[in-house]
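I opened this one up to see how the chain is put together. Below is what I looked up, in the order I got to it.

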Amino acid sequence: MKIEDLSLFLTKVSLFKGLNPDKIAKCLTEADFKIKEYKKNEIVFFRGDILKKIIIIVKGTARGEMQKFNGDTITIDYITPYQLIAPAFIFGSNRTFPVDLISTENSKFLFLNKDNFLNAMQKDERLLVNFLDEISNKGQLLSKRIWFNFMNKTINEKVLSYIKENQKNGYISFKPNISELAKKFEVTRPSLSREISSLCDKGILTKIRSGKYKLNCENL
């Protein structure tokens with residue numbers, strides 16, 4: 001990927017909000033950027049690996065997961081293009097990956113030298129504020145997820161809460177898919193599928209296509 005194309009892409013990344021492509025290109029050059037490619041199901045990082053770079057996913061998707069003592073895995077996060085990876089762990093006393101990071105399809109990751117980018121943030125307040133916003137937003141999202149799992153004990157409660165928070169214009173999509181969402185809810189895929197089918201039987205949901213449903217608010 002040429003630096004011109006990459007700079008244009010990064011205008012859509014929240015870290016570079018307010019910067020034009022020329023300014024971003026200068027930041028990339030100063031930060032000694034590199035792009036690495038990963039194949040589907042390839043492990044990008046293991047939990048505990050030292051986090052030495054600022055990382056942005058520019059193509060593909062990845063998931064962060066943790067393994068229980070019994071061998072089962074829990075999906076902690078699902079990462080799509082334009083997102084920073086583990087921004088809250090780049091600085092601080094424990095600069096290690098909190099989860100295993102796995103590429104869920106052929107993907108490309110952008111790596112920026114942390115120290116060089118820190119110098120860039122000191123020169124441009126917009127970069128610094130954008131980075132602080134990233135950390136704050138991630139922390140708030142984590143708090144929201146902890147509260148979600150604390151408050152919602154049954155599968156029905158978790159599904160209804162997910163629907164209420166993620167529906168748009170009366171439609172809901174179970175993203176990225178039922179299997180990954182089941183891991184996030186810490187339930188089995190068949191159990192989650194049965195609960196969704198039950199909501200359809202009750203008239204709360206009407207299936208439009210695979211993974212997408214119309215929400216019938218009066219029945220909810």
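Predicted model: local features only at pLDDT ≥ 70, side-chain atom pairs only at ≥ 80, totals over all residues.

**Burial and overall build.** I started with burial: of the 220 residues of the protein chain, 40% count as buried (buried means under 20% relative accessible area, exposed over 50%, partly exposed in between, with a 1.4 Å probe and protein chains only). Residues are numbered from 1 along each chain as its sequence is written, and side-chain values use heavy atoms, with hydrogens and water left out.

I get seven helices and 10 strands for the protein chain (helices are DSSP runs of H or I with at least four residues, strands are runs of E with at least two, both numbered from the N terminus). Along the principal axes, the C-alpha atoms fill a box of roughly 60 × 40 × 30 Å. I also looked at contacts between residues at least 6 apart in sequence: 67% of them join residues at least 24 apart (contact means heavy atoms within 4.5 Å).

**Cores.** Next I went for the nonpolar cores (a core is a set of buried Ala, Val, Leu, Ile, Met, Phe, Trp, Tyr and Cys residues joined through side-chain atoms within 4.5 Å). The largest one has 37 residues, and L10, L15, F16, L101, F109 and F117 have the most contacts inside it. At least two residues of this core come from each of α1 (3-10), α2, β2, β3 (53-59), β7 (107-113), α3 (114-123) and α4 (125-151). β3 gives the largest share, five residues.

I clicked on F117 to see its neighbours. Leaving out residues up to four places away in sequence, F117 touches L15, F16, A31, I54, L112 and L127. There is also a second, separate core of 17 residues, and Y162, I163, L205 and L215 are among its members.

**Helix packing around α7.** How do α5 and α7 cross? The axes of α5 (residues 155-166) and α7 (residues 189-201) come within 10 Å and cross at roughly 65° (axes are lines fitted to C-alpha atoms, for helices over the stretch in contact, and angles run from 0 to 180 degrees between N-to-C directions). That is why I put α5 and α7 down as roughly perpendicular to each other (under 35 degrees counts as roughly parallel, over 145 as roughly antiparallel, 65 to 115 as roughly perpendicular and the rest as oblique).

From α5, I155, N156, V159, L160 and I163 meet S191, L192, E195 and L199 of α7. By class, this contact has six nonpolar, two polar and one charged residues (Ala, Val, Leu, Ile, Met, Phe, Trp, Tyr, Cys and Pro count as nonpolar, Asp, Glu, Lys and Arg as charged, and the others, Gly among them, as polar).

Then I checked α6 against α7: their axes come within 9 Å and cross at roughly 105°. So α6 and α7 are also roughly perpendicular to each other. I find I178, S179, L181, A182 and F185 of α6 in contact with R189, L192, S193 and I196 of α7. The class count for α6 with α7 is six nonpolar, two polar and one charged residues.

Which residues does a cis peptide bond join? K175 and P176, with omega at about -5°. P176 sits in the loop between β8 (171-173) and α6 (178-185).

D32 is not a glycine, but its phi is positive, near 55°. I place D32 in the loop between α2 (21-30) and β1 (34-38), and at 40% relative accessibility D32 counts as partly exposed. N41, again no glycine, has a positive phi of about 70°; N41 is in the loop between β1 and β2 (43-45).

**Two spot checks.** S136 is in helix α4 and is partly exposed, with a relative accessible area of 37%. S136 and A88 are 48 residues apart along the chain, and their C-alpha atoms are separated by 8.4 Å.

Is K214 buried or partly exposed? At 34% relative accessibility, K214 counts as partly exposed. K214 is in strand β10 (residues 212-215). Not counting residues up to four places away in sequence, K214 touches G170, Y171, I204, L205, T206 and I208.
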